[in-house]
Amino acid sequence: MNIVVLAGGVGGAKLCHGIALSSGQEHLSVVVNTADDFELYGLHISPDLDTMMYTLAGIGNPQTGWGIAGDTFNNFDMLERYGVQPWFRIGDRDLATHLLRTQLIAEGMTLSAITQTLAQRLGVKARILPMTDDRVRTVVDTDEGLFAFQDYFVKLKWQPEVRSLIFEGAEEAHPTDAVLRAIEVADTIIIAPSNLYLSIDPILAVPGIKEMLLNAAAPIIAVTPIIAGESVKGPAAKLMRELGVECSAVAVAQHYADLLNGFVLDSRDAALEPRIAAMGIQTLVTDTLMTNLEARARLACEVLDFADRLRPEKLGGCCPDRLLPSS
Ligand code: FO1
């Protein structure tokens with residue numbers, strides 16, 4: 001059973017953790033957004049890769065969703081003592097990841113090889129696959145100007161009003177062979193409840209990935225990041241409003257429509273189910289809030305069972321046009 005998940009930060013990591021808890025990690029490959037990556041103090045930082053790695057290693061910080069549980073911040077405090085007003089909270093244990101990644105990049109290793117090495121050393125059995133080994137960076141165009149992603153997301157606490165998003169470098173980027181192969185041999189493909197604009201769109205912007213998904217034999221299911229018109233965590237709902245999009249699970253399904261066989265929406269949005277079914281997308285209505293480990297595992301099981309129900313239909317060539325390259 002080859003399960004592929006497309007994911008970004010905290011929401012994606014929770015669902016992947018649920019899959020790991022319920023089905024084991026050896027069948028799981030996660031295609032992770034790298035457009036949040038940035039350089040700080042000369043260090044290459046890959047927040048979404050690290051959030052996924054720490055969560056699957058069982059050492060993630062349960063309160064924040066990012067960083068390492070129980071980490072200390074002596075280095076951060078010393079930076080403050082130097083008066084540099086640090087704004088990105090790197091823990092002392094987390095710092096080791098950035099130091100090692102930066103050194104290995106300088107030695108010529110790819111982000112994919114580095115991620116595999118670090119994850120394996122933390123005992124992670126799942127494959128954590130950067131969407132590309134090339135440089136792609138999200139730039140946020142707002143009413144206060146252009147911002148690098150972490151400046152917008154952390155320093156400015158995603159308050160500026162967004163006009164558009166630029167995935168700098170995406171056109172020249174190449175998906176890794178591991179990503180394309182994982183999609184090709186997948187039995188189930190899940191778009192995690194990550195931010196559709198900030199986490200999933202950068203992955204779909206890497207040339208070749210969307211085409212691979214459109215031709216995938218596996219059913220593709222998205223899990224809503226929006227419940228009752230609000231995002232579970234982060235700026236997804238605010239971005240939908242600022243981009244003039246209806247702020248609902250229906251709009252999320254529409255956003256991914258040409259890719260989807262199934263969509264998982266929250267029980268609180270059950271009334272929206274007919275509008276999604278009208279798009280020709282099968283629906284699963286359930287509690288999608290992952291408030292604890294049991295909830296993560298339960299949702300993962302339900303999503304995987306949903307995929308099992310959709311697979312015969314998809315393999316039966318129910319939508320032959322879907323199997324042709326998109327025009
Ligand atoms: N997010 C914050 O809101 N504040 C932080 O200080 C912060 C530090 C941080 C350190 C390491 C790391 O891997 C992630 C960190 N994040 C922080 C989260 C990060 O900005 C987001 O997880 C992603 O970039 C968006 O998904």
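This is a predicted model: local features need pLDDT of at least 70, side-chain atom pairs count only at pLDDT 80 or more; totals for chains, interfaces and linings use all residues.

Me: Which hand does the crossing of α1 and α2 have, and which residues make the contact?

Reply: The crossing of α1 and α2 is right-handed. On the α1 side the contact is made by Val10, Gly12, Ala13, Cys16, His17 and Ala20, and these meet Thr51, Met52, Thr55 and Leu56 of α2. By class, the residues of this contact comprise six nonpolar and four polar, with no charged ones.

Me: How is the packing of α4 and α5 to be read, and at what angle do they pack?

Reply: The axes of α4 (92-106) and helix α5 (residues 111-121) lie 10 Å apart, and the helices pack at an angle of about 140°. Since only angles over 145 would count as roughly antiparallel, α4 is oblique to α5. The crossing is right-handed, and the contact joins Thr97, Leu100, Arg101, Leu104 and Ile105 of α4 to Leu111, Ile114, Thr115, Leu118 and Arg121 of α5. Here the contact residues divide into six nonpolar, two polar and two charged.

Me: Turning to pockets, what volume does the largest pocket have, and which residues are closest to its centre?

Reply: The largest pocket has a volume of about 930 Å³, and 41 residues line it, of which Gly9, Val10, Trp66, Phe153 and Lys233 are the closest to its centre. The elements giving two or more residues to this lining are α1, α2, α4, α6 (149-155) and α8 (196-205), with the largest share, five residues, coming from α2. The lining of the largest pocket is made up of 19 nonpolar, 14 polar and eight charged residues.

Me: And which element gives the most to the lining of the second largest pocket?

Reply: That pocket holds about 240 Å³ of space, and among its 16 lining residues the closest to the centre are His17, Gly60, Asn61, Pro62 and Arg296. Two or more lining residues come from each of α1 and α13 (293-315), and α1 gives the most, with four residues. The classes in the lining of the second largest pocket are six nonpolar, eight polar and two charged.

Conventions:
Residues are numbered from 1 along each chain as its sequence is written. Side-chain values use heavy atoms; hydrogens and water are left out. A crossing is left-handed if the near helix is turned anticlockwise from the far one by less than a right angle, and right-handed if clockwise. Contact means heavy atoms within 4.5 Å. Ala, Val, Leu, Ile, Met, Phe, Trp, Tyr, Cys and Pro count as nonpolar, Asp, Glu, Lys and Arg as charged, and the others, Gly among them, as polar. On a 1 Å grid over the protein atoms alone, a cavity is a set of points where a 1.4 Å probe fits but cannot get out, and a pocket is an open set with protein on both sides within 12 Å along at least five of seven lines; lining residues have an atom within 4 Å of a point. Grid points are joined across faces, edges and corners, and a volume is the space filled by probe spheres set on the points. Axes are lines fitted to C-alpha atoms, for helices over the stretch in contact, and angles run from 0 to 180 degrees between N-to-C directions. Angles under 35 degrees count as roughly parallel, over 145 as roughly antiparallel, 65 to 115 as roughly perpendicular and the rest as oblique.
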